[in-house]
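Hi,

Here is the structure I promised to pass on. Have a look at it first, and my notes on what turned up follow below.

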Amino acid sequence: MEDLKAFLEEQKALIEQDTPRTEDGRPSWDEYFMEMAELTANRSSCLRRHVGAVIVKDKHIMASGYNGAPAGLKHCAELGGCLREKLKVPSGERHELCRALHAEQNAIIQAAKLGESIEGGTIYVTHHPCSICAKMLINAGIKRIVVREGYPDDLSKLILGEAKLNVEKLEKPENKEEK
């Protein structure tokens, strides 16, 4: 009976642990959904930065989004380049000059169009949200934000901190042998 108790305690500890890869080489849930966000970022039409986002509830993808021009409108590449680049606007500033919607915005919009509640969900984003996206995520009821990379927006960090919405950075796992 003691062996069974010890075994079950070991199992419980492993279940509660979210490692980058499981013993059999599968990604953890966090890594799995972050890889989906990274895949989504490949659709980005932004000339500066490719960002992807996936909103998840109960281990199910509710919506995804990437940064790019609104549906049906021309992308910056089709219009001769990025206005913010031409004006030498630093990253993280003057978002109103950007033609594109951000990945988080597109994911929230997709959920709304599909009638999916994302309240209480987790968003996996390739980059830390800007201050505009941070405010939208707070009001959408997102409870957890997981990012791969940072973003130079101190106001975003301040707003998310005030909302007690922690941003977790998920480091890229070391390469393991493929099975």
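Before the helix pair, a word on handedness: a crossing is called left-handed if the near helix is turned anticlockwise from the far one by less than a right angle, and right-handed if clockwise. Helices here are DSSP runs of H or I with at least four residues, numbered from the N terminus.

This is a predicted model, where local features need pLDDT of at least 70 and side-chain atom pairs count only at pLDDT 80 or more, while totals for chains, interfaces and linings use all residues. Residues are numbered from 1 along each chain as its sequence is written, and side-chain values use heavy atoms, leaving out hydrogens and water.

Now the pair itself. H4 (residues 103-114) and H5 (residues 131-140) cross at roughly 30 degrees, their axes coming within 9 Å (axes are lines fitted to C-alpha atoms over the stretch in contact, with angles from 0 to 180 degrees between N-to-C directions). H4 and H5 are therefore roughly parallel, a label for angles under 35 degrees. Their crossing is left-handed. On the H4 side, Glu104, Gln105 and Ile108 make the contact, and H5 brings Ile132, Cys133, Met136, Leu137 and Ala140 (contact means heavy atoms within 4.5 Å).

And the cysteines? The count is 0 disulfides, taking a disulfide as a pair of cysteine sulfur atoms within 2.5 Å. The sulfur of Cys76 has its closest cysteine sulfur in Cys82, 5.2 Å away, which is too far for a bond. Cys76 counts as buried at 19% relative accessibility, and Cys82 does too at 12%; buried means under 20% relative accessible area, with a 1.4 Å probe and protein chains only.

Cheers

Methods:
Helices (H or I, at least four residues) and strands (E, at least two) are DSSP runs, numbered from the N terminus. Angles under 35 degrees count as roughly parallel, over 145 as roughly antiparallel, 65 to 115 as roughly perpendicular and the rest as oblique. Buried means under 20% relative accessible area, exposed over 50%, partly exposed in between (1.4 Å probe, protein chains only).
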